Amino acid sequence: MSERMAGETAQPAGGDVQLADPEFLVPLRRQMIKFATLQLKDPDLAEDAVQEALAGALKNQRSFGGRSALKTWVFGILKYKIADALRQRSRTVTASSLGDDEDEGETFAALFDARGHWHLDARPTGWHEPEGSLRETQFWRVFEACLEGLPERQARVFMMREFVGLDAEEICNALALSRTNLNVMLHRARLRLRACLETHWFVEGVR
Amino acid sequence: MPNCRESTRLMSEARERGLTAVERVALRMHLLMCSACRNFGKQLHFLGAAMRVYVPGENGDGNDANSDATPAPPDTDLKTGG
């Protein structure tokens, strides 16, 4: 599963990846828009955040040895823009009580028995050197598929918390969520993501 | 003493808030006896670490096929335009 898209991976001779290079910028921008839209739920706000992030990145352009480092940096800027947008919006948001979007207790019932103990086949097993996986492209493919498999609102709050880096209170304000509700959603998202990685990576062992 | 579901809830919430002393003791007691929940705790930590270095789309899905770990092939003849 290590196929490459010929022609799309070319880097300029001499090393550095240029942000302004359309072959790099166009897919990057598309990924940024996708992520910003998922977080902000507003195409215009998402467009603005991406535009600002890219403008800031172009203005303060630094030299990066590889596309991965450059993407990480640009997404870092985008996270700040999204966090700002979410914080600002929290003052204007209407009480649109956004709750969890899974059936009542579905995750819990799948993982725990009536007494709250793990079902036998759901018990977390030990993962062998998980940190090593972070260097594998295939791991990130599985990881992203697992993230995208979460119910949409769970994915959104989980990303706000662990990727954008907002704290619980900021998320509750931005989404007019109760703290209890947020806690439940994060708990479920973590349970599901963990289970998905175990099933599709650490046990199934694509490695 | 908390059950597994309750213990995973506490471990999840501990990422957003400090647990109370009572919660910490109860959780520790459970973890002493439950290897599955100990695994869960480590994996929760790993999820957070992975999210910190996650870059959306950086997974060889065709848009942007490779990370630095797999450099581009030397012949770039297939490249069009530019």
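## Helix H7 of chain A and its cover

The buried residues of H7(A) are covered by elements that include H1, H3, helix H6 (137-148), helix H8 (168-175) and H9 of chain A, together with helix H3 (35-53) of chain B; helices here are DSSP runs (H or I, at least four residues) and strands likewise (E, at least two), numbered from the N terminus. The model is a predicted one, in which local features need pLDDT of at least 70 and side-chain atom pairs count only at pLDDT 80 or more, whereas totals for chains, interfaces and linings use all residues. Residues are numbered from 1 along each chain as its sequence is written, while chains are lettered from A and ligands numbered from 1 in the order in which they are written.

Helix H7 of chain A spans residues 152-164, and because 11 of its 13 residues are buried, it is largely enclosed by the rest of the structure. A residue is called buried if 20 or more other C-beta atoms lie within 10 Å of its own, exposed if 12 or fewer do, and partly exposed in between, with C-beta atoms placed from the backbone. The buried set in H7(A) consists of A:Gln154, A:Ala155, A:Arg156, A:Val157, A:Phe158, A:Met159, A:Met160, A:Arg161, A:Glu162, A:Phe163 and A:Val164. Just after this helix, A:Gly165 takes a positive phi of about 90 degrees.

## The two chains in outline

Chain A has nine helices and zero strands, and 35% of its 207 residues count as buried. Of its contacts with a separation of 6 or more, 72% are made by residues 24 or more positions apart, a contact being two residues whose C-beta atoms, placed from the backbone, lie within 7 Å.

Chain B, for its part, comes to three helices and zero strands, with the pattern α-α-α from the N terminus on. Buried residues make up 34% of the 82 residues in chain B, and residues 24 or more positions apart account for 51% of the contacts with a separation of 6 or more in that chain.

## The packing of H1 and H3 in chain A

Helix H1 (residues 22-40) and helix H3 (residues 67-89) of chain A pack at an angle of about 30 degrees with their axes 11 Å apart, where axes are lines fitted to C-alpha atoms, for helices over the stretch in contact, and angles run from 0 to 180 degrees between N-to-C directions. This angle makes H1(A) roughly parallel to H3(A), since angles under 35 degrees count as roughly parallel, over 145 as roughly antiparallel, 65 to 115 as roughly perpendicular and the rest as oblique. The crossing of the two is right-handed, meaning that the near helix is turned clockwise from the far one by less than a right angle.

On the H1(A) side the contact is made by A:Phe24, A:Leu28, A:Met32, A:Ala36, A:Gln39 and A:Leu40, and on the H3(A) side by A:Arg67, A:Lys71, A:Val74, A:Leu78, A:Ile82 and A:Ala85. These residues divide into nine nonpolar, one polar and two charged, with Ala, Val, Leu, Ile, Met, Phe, Trp, Tyr, Cys and Pro taken as nonpolar, Asp, Glu, Lys and Arg as charged, and the others, Gly among them, as polar.

## The largest nonpolar core

Among the 62 residues of the largest nonpolar core, A:Ala36, A:Ala49, A:Leu78 and A:Phe143 touch the most other members; such a core is a set of buried Ala, Val, Leu, Ile, Met, Phe, Trp, Tyr and Cys residues joined through C-beta atoms within 7 Å. Helix H9 (residues 179-203) of chain A gives the most to this core, with 10 residues.

Leaving aside residues up to four places away in sequence, A:Phe143 touches A:Leu197, B:Ala50 and B:Tyr54. With the same exclusion, A:Phe75 touches B:Val55 and B:Pro56. A:Phe75 lies in helix H3 of chain A and is buried, with 22 other C-beta atoms within 10 Å.

## Positive phi in two loops of chain A

Most residues other than glycine have a negative phi. A:Lys41, however, has a phi near 55 degrees; this residue is found in the loop between H1 and helix H2 (43-59) of chain A and counts as partly exposed, with 14 C-beta neighbours inside 10 Å.

A:Glu129, also not a glycine, has a positive phi of about 40 degrees and lies in the loop between helix H4 (106-111) and helix H5 (130-133) of chain A. With 7 C-beta neighbours inside 10 Å, A:Glu129 counts as exposed.
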